[in-house]
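Subject: Structure for your files

Hello,

Here is the structure I said I would pass on. My notes come after it.

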Amino acid sequence: MHLIFCAHPLLPSVVDPGYAEEVRAASRLGITHSLINFEALVHEGDATRAVRRGAAQSDRRLALYRGWMLRVEQYQQLYATLAERDIRLINDPEAYRHAHHFPEAYPLIAPYTPPFRLAHYGRRPLPRQDH
C-alpha cells in the first residue's frame, strides 16, 4: 500500500502540515508515500501537474489518497491521472462519491444516527437533523 498526501502549498517537496504526523507514522511503519499538488488539482484543474512530482513512478501499485476533500469531479481526474501511471487508488470515483456525499451514505448508517432529511435553501439542498 502506498499513501498519497497533499504537499505544502508553498513547499512542494514538503507534506502539508495537516498531514505531517500521518507521514511520520507511515514512515515509521515502512509505508511509502508521495505528494500531490492540491492547488494544481483544485484551483487549476490540472491533475497532470498535480501528480507530476510525487506520483510519477509507474510501478503498478495500490494507493490511498489521504488529503483534503475533493469534489467528485476532482477525485475522478486524480484517479484517472494516477491510473495512467499504473497507480490505482483503492477507492474508485463511485466509492468516493458514495462515501463523501451524505445523502448517499445515509441509508447505510441510518440505524446508527439521528433522523435526517434534506432541507432546500435556494437551489441547494442542505442536510437537516431532526432531534
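The notes below go through the chain, its sheet, its aromatic pairs and its salt bridges.

This is a predicted model, in which local features need pLDDT of at least 70 and side-chain atom pairs count only at pLDDT 80 or more, while totals for chains, interfaces and linings use all residues. Residues are numbered from 1 along each chain as its sequence is written, and side-chain values use heavy atoms, with hydrogens and water left out.

The chain overall

The chain holds six helices and six strands. Helices (H or I, at least four residues) and strands (E, at least two) are DSSP runs, numbered from the N terminus. Read from the N terminus, the order of elements is β-α-β-α-α-β-α-β-α-α-β-β. The chain has 131 residues, and 34% of them count as buried. Buried means under 20% relative accessible area, exposed means over 50%, and partly exposed is in between (1.4 Å probe, protein chains only). Among contacts with a separation of 6 or more, 56% are between residues 24 or more positions apart; a contact means heavy atoms within 4.5 Å.

The sheet and its helices

Four strands form an open sheet in the order β2-β1-β3-β4, and the pairing is parallel. β2 (32-36) and β4 (87-89) are at the edges with a single partner strand each, so one side of each has no neighbour in the sheet. From one strand to the next, the twist averages 35°. Two strands pair if DSSP finds at least two bridges between them. Strand β1 (residues 2-6) pairs with β2 in the parallel sense over five bridges, and Cys-6 stands opposite Ile-36 in β2.

Helix α1 (residues 20-28) lies across β1, β2 and β3 (61-66), at about 160° to β1. Helix α4 (residues 72-84) lies across β1, β2, β3 and β4, at about 150° to β4. Axes are lines fitted to C-alpha atoms, for helices over the stretch in contact, and angles run from 0 to 180 degrees between N-to-C directions.

Aromatic pairs

Rings of Phe, Tyr and Trp (its six-membered ring) pair if their centres lie within 6.5 Å; planes under 30 degrees apart count as stacked, over 60 as edge-to-face and the rest as tilted. By this rule there are four aromatic pairs. In one of them, the ring centres of Phe-5 and Tyr-19 are 6.0 Å apart and the planes are at 50°, so the pair is tilted. Phe-5 is in strand β1 and Tyr-19 in the loop between β1 and α1, so this pair ties together parts that are 14 residues apart in sequence. Phe-5 and Tyr-19 are both buried.

Tyr-19 also pairs with Trp-68: the ring centres are 4.9 Å apart and the planes at 70°, so this pair is edge-to-face. Trp-68 lies in the loop between β3 and α4, so its pair with Tyr-19 ties together parts that are 49 residues apart in sequence. Tyr-19 has a relative accessible area of 8%, whereas Trp-68 is partly exposed at 37%.

Salt bridges

The whole structure has eight salt bridges, each a side-chain nitrogen of Lys or Arg within 4 Å of a carboxyl oxygen of Asp or Glu. One of them joins Arg-66 and Glu-22, with the closest N and O atoms 2.6 Å apart. This pair links distant parts of the chain, since Arg-66 is in strand β3 and Glu-22 in helix α1, 44 residues apart. Arg-66 is partly exposed at 30% relative accessibility, and Glu-22 is partly exposed with a relative accessible area of 30%.

Glu-73 forms a salt bridge with Arg-71, the closest N and O atoms being 3.6 Å apart. Glu-73 is partly exposed at 46%, and Arg-71 is exposed at 52%.

For Glu-94 and Arg-97, the closest N and O atoms of the salt bridge are 2.2 Å apart. These two residues are three apart in helix α5 (residues 93-100), which separates them by about one helical turn. Glu-94 is partly exposed at 45%, as is Arg-97 at 24%. Elsewhere, salt bridges that share partners join Glu-21, Arg-24 and Arg-28 into one network.

Regards
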